[in-house]
Amino acid sequence: TLARCIVGLHTSCEGSISLDGVQLAIGSRGRTDAQRRAMQYVFQNPYASLNPKMSVAENLEEPLRHFERLGPHERRARVLSVLDRVALSSAYADRMPDQLSGGERQRVALGRALVVNPDVLVCDEVTSALDVSVQALLVEQLRDLQERAGLSMVFITHNLAVVRSIADQVV
């Protein structure tokens, strides 16, 4: 519920949420495109979070079509770049979601959130459906993004080992 309130998907919230000192509207419809772009959500279930009728590249391009005015070549370059950032080769661009493992799907979902260069990434139980080795890889990639891109994260998990490896502050 907290994650959904932060990104404006849940409107039965009390209190306030600020980004860069600016109080945000409770629902995402009351927020500007820049505010929506700045906060991206990675859902728990990678099987339901990707459009099964779109290729990986099309899934990754969708936020770019909404938030940025890029030509097809620029979009493709951004897609290939984000695939590299989430440790997937460019060969994944033309695959369909049903051709991917759970860990690969979750990395594509992460890439879709990262493709618009957000300031805050809200990760809702993103490692819960993954086996331990894939969890470790995903957490390592997220930690690297925190350091290299200065990305802030709200990371929701029940896994205390994951919390210990990724969190600067715990609530």
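**Close-up A. Thr127 in the loop between β4 and α7.** In this predicted model, Thr127 sits in the loop that runs between β4 (120-124) and α7 (132-149). Thr127 has a relative accessible area of 1% and is therefore buried. When its neighbours within four places in sequence are left aside, Thr127 is in contact with Gln135, Leu138, Val139, Phe155, Thr157 and Val162.

Close-up B. With a relative accessible area of 8%, Glu125 is buried.

**Close-up C. The packing of α6 and α7.** Two packed helices are described by the angle between their axes together with the distance between those axes. For α6 and α7 the angle is about 15 degrees and the axes are 10 Å apart; the two helices are therefore roughly parallel to each other, since angles under 35 degrees count as such. The crossing in which α6 passes α7 is right-handed. On the α6 side the contact involves Gly103, Gln106, Arg107, Leu110 and Leu114, which meet Val134, Leu137, Leu138, Gln141, Leu142 and Leu145 of α7. Sorted by class, the contact of α6 with α7 has seven nonpolar, three polar and one charged residues.

**Close-up D. The crossing of α4 and α5.** The axes of helix α4 (residues 56-67) and helix α5 (residues 72-85) come within 9 Å and cross at roughly 115 degrees, so that α4 and α5 are roughly perpendicular to each other. The crossing of α4 and α5 is right-handed. Val56, Ala57, Leu60, Glu61, Leu64 and Arg65 of α4 make this contact with Arg75, Arg76, Arg78, Val79, Val82 and Leu83 of α5. By class, the contact of α4 with α5 has seven nonpolar and five charged residues, and no polar ones.

**Close-up E. The buried residues of α4.** Within α4, the buried residues are Val56, Ala57, Asn59, Leu60, Glu61, Pro63 and Leu64. The buried residues of α4 pack against α5 and also against α6 (102-114).

**Close-up F. The disulfide between Cys5 and Cys13, and the cysteine Cys123.** The structure holds one disulfide, which joins Cys5 to Cys13 with an S to S distance of 2.2 Å. The torsion about the S-S bond of Cys5 and Cys13 is about -90 degrees, and the disulfide is therefore left-handed. Cys5 and Cys13 are both buried. For Cys123, the closest cysteine sulfur is that of Cys5, which lies 17 Å from the sulfur of Cys123 and is therefore too far for a bond, given that a disulfide requires sulfur atoms within 2.5 Å. Cys123 is itself buried, with a relative accessible area of 1%.

Terms used. Residues numbered from 1 in each chain as written. Predicted model: local features only at pLDDT ≥ 70, side-chain atom pairs only at ≥ 80, totals over all residues. Heavy atoms only, no water. Buried < 20%, exposed > 50% of the residue type's maximum accessible area, 1.4 Å probe, protein only. Axes fitted to C-alpha atoms, helices over the stretch in contact; angles between N-to-C directions. Helix = DSSP H or I, 4+ residues; strand = E, 2+ residues; numbered from the N terminus. Parallel < 35°, antiparallel > 145°, perpendicular 65-115°, else oblique. Left-handed = near helix turned anticlockwise from the far one by under 90°. Contact = heavy atoms within 4.5 Å. Nonpolar A, V, L, I, M, F, W, Y, C, P; charged D, E, K, R; others polar.
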